[in-house]
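Open the model in your viewer and keep the selection panel at hand. The stops below say what to select next and what is there.

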Amino acid sequence: MEPAPHRGFSFGRIFAIASNTLTDLVRQKVFLFLLLFALVVIGSSVFMARLSFQQEFQILKDVSLGAMSIFTSVLAILATARLIPRDIEDRTVYTILAKPVPRFEYLLGKLLGVLVLLGISVVVMSALFFAVLYLREQTILGEAARQFSAAPREQLDDALNQIRASGLKIDIVAGVAVIFLKACLLAALTLFVSTFATTQIFTVFVMVFVYFIGHLQAAAREYWLEQQSTGWVGKTFLALVALTFPDLQTFNIVDEIVAGVVIPLALFAKTALLGIFYVVVYTLAATFVFYGKEV
Amino acid sequence: MSRVVLAIAALLAFGVLKLPAERALSLQQRQLQIADVMNLDLREKLGQLGFIAALSGFRAAVADFLFIQAHVAWERTEWGRVLFWFRQVTTLQPRVPLFWDMAAWHMAWNASAAALNDSSQPRMALRVKAQREYFAIGKDFLERGIKNNPDEPQLYESLALLYREKLNDHEHASECYAKAAPLSGAHSYDRRFSAYELSYCEGREREAYERLRALYDAGEQERVPTLIKRLKFLEDKLGIPPEQRISENAL
């Protein structure tokens with residue numbers, strides 16, 4: 001029987017590497033941070049019970065989504081930063097690349113593993129957050145129904161509508177999706193940095209720097225384009241920041257969604273498209289550098 | 001190493017390509033007042049660390065933290081601090097009506113009452129002056145809140161209440177209730193309250209009567225005791241012919 005011909009590109013191989021990456025990350029107990037998230041959500045919910053329901057819901061949403069954003073970003077950076085150094089350290093990379101596995105498949109598989117991990121984390125955190133918010137909303141609705149049981153129907157409806165307006169809204173899902181996209185972008189960028197970084201610490205350090213500069217990129221871009229800076233040194237610096245770093249501020253729309261701002265579908269689609277575009281570009285750059293890396 | 005340099009050069013080239021799209025998206029977001037926290041005013045108020053934190057995706061969390069600080073200051077009746085924290089909170093989260101409303105309530109209702117009852121100030125005239133200053137601060141919070149959230153009925157309702165209860169300005173109270181009434185999420189009583197307030201305005205009784213009568217005719221659900229009372233008062237005041245008046249047994 002003749003062996004199956006080797007294909008230049010195989011989804012099967014990518015999925016196999018992704019699956020192994022995911023299993024490896026799960027074994028490293030990265031999901032422990034979910035416990036921390038649960039503590040933040042449930043803890044803030046209990047602590048805020050002394051405030052009015054509008055204040056409680058507002059803070060619960062802000063704290064939960066803020067925690068979700070920071071946890072996914074940190075997870076994306078830490079989980080990705082260790083992929084290549086660890087494979088080199090325990091020599092797994094040699095075993096894989098000695099086989100007819102193209103390097104871009106190896107990188108794609110690794111990235112896909114991290115993205116699945118981020119996806120699972122976001123789903124679990126969202127489920128927990130929605131459950132806590134829903135339970136609190138139902139409790140407060142029940143209390144209001146009891147308090148207004150003797151009041152006219154109009155007053156009861158007003159009170160219940162006020163509570164529902166402050167509670168769980170489906171729009172939040174769009175905010176969660178953007179949080180996930182931001183984490184994917186950070187994972188792809190971390191992968192790119194880790195292809196030329198000498199140590200894991202260096203990658204993490206660079207990414208923390210990128211994270212903060214990325215949030216200020218929009219300011220640098222506007223200063224540069226509106227010619228507000230003086231001197232060529234300043235202008236060059238601002239141009240480099242604007243051109244090299246991603247605009248992470250664009251992905252911070254969740255605060256406005258919580259505040260009740262309706263994000264148009266077109267704006268959401270453009271933000272998502274920009275995020276996907278960044279992921280593709282950084283993955284291509286990582287592949288390009290990784291092909292030249294001596295392993 | 002040359003590959004790294006080439007990759008960074010490619011990213012720079014990509015940067016040139018992405019720039020127009022990124023800027024257009026940013027401008028579009030700014031039109032919705034999203035992510036527009038890069039103003040110098042905010043930096044001055046928050047300090048560098050808070051500003052960086054706000055820009056790093058923790059804006060809402062920073063605002064909540066400051067809100068809790070304001071809440072603690074309120075529990076300690078430290079009104080200067082309450083104002084200080086709320087100014088920061090509303091600068092950070094201008095699209096959250098709750099913060100504007102709470103800030104205004106603390107200033108116009110709590111701080112103003114504390115100022116009037118301030119035993120450390122022996123002169124009543126100065127107490128009243130301080131009270132009025134707090135009314136003005138509360139009003140300013142609500143007006144700026146409305147400017148940032150023009151579709152939010154809660155802020156118009158709070159401003160109407162402030163005009164009615166604290167400033168004794170029924171005309172403006174009526175206007176605010178009228179503005180709130182057609183907005184999504186408004187209370188069902190806003191239309192009625194607007195007419196009630198108008199009925200207290202000298203010279204606008206006829207208009208108030210017509211609006212109250214229209215509400216009365218709209219159906220049973222609008223015929224609440226206050227509406228009927230105000231309507232009867234205006235019927236007497238305007239000398240409405242008996243055949244056009246509402247039933248004596250309406251109440």
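**First stop: a helix pair in chain B**

Select helix α5 (residues 124-148) of chain B and helix α6 (residues 153-165) of chain B: they pack at an angle of about 155 degrees, with their axes 9 Å apart. Axes are lines fitted to C-alpha atoms, for helices over the stretch in contact, and angles run from 0 to 180 degrees between N-to-C directions. The angle makes α5(B) roughly antiparallel to α6(B), a term for angles over 145 degrees. Their crossing is left-handed (the near helix is turned anticlockwise from the far one by less than a right angle).

This is a predicted model, in which local features need pLDDT of at least 70, side-chain atom pairs count only at pLDDT 80 or more, and totals for chains, interfaces and linings use all residues. Residues are numbered from 1 along each chain as its sequence is written, and chains are lettered from A and ligands numbered from 1 in the order in which they are written.

Now show the residues where the two helices meet. On α5(B) pick Gly138(B), Lys139(B), Leu142(B), Gly145(B) and Ile146(B); on α6(B) pick Leu155(B), Tyr156(B), Ser158(B), Leu159(B) and Leu162(B). Residues are in contact if their C-beta atoms, placed from the backbone, lie within 7 Å. This contact has 6 nonpolar, 3 polar and 1 charged residues (nonpolar: Ala, Val, Leu, Ile, Met, Phe, Trp, Tyr, Cys and Pro; charged: Asp, Glu, Lys and Arg; polar: the others, Gly among them).

**Second stop: all of chain B**

Color chain B by secondary structure: there are 10 helices and 0 strands. Helices (H or I, at least four residues) and strands (E, at least two) are DSSP runs, numbered from the N terminus. Buried residues make up 41% of the 251 residues in this chain; buried means that 20 or more other C-beta atoms lie within 10 Å of a residue's own.

**Third stop: where the chains touch**

Select the 38 residues of chain B in contact with 40 residues of chain A. On the chain B side, α1 (2-31) and α2 (40-75) each supply at least two residues, and α1(B) gives the largest share, 17 residues. That side of chain B divides into 21 nonpolar, 11 polar and 6 charged residues.

**Last stop: chain A**

Which residue of chain A is buried, with 21 other C-beta atoms within 10 Å? Select Arg136(A), which is buried by that count and lies in helix α6 (residues 103-147) of chain A.

How values were computed. Parallel < 35°, antiparallel > 145°, perpendicular 65-115°, else oblique. Buried ≥ 20, exposed ≤ 12 C-beta atoms within 10 Å, placed from the backbone.
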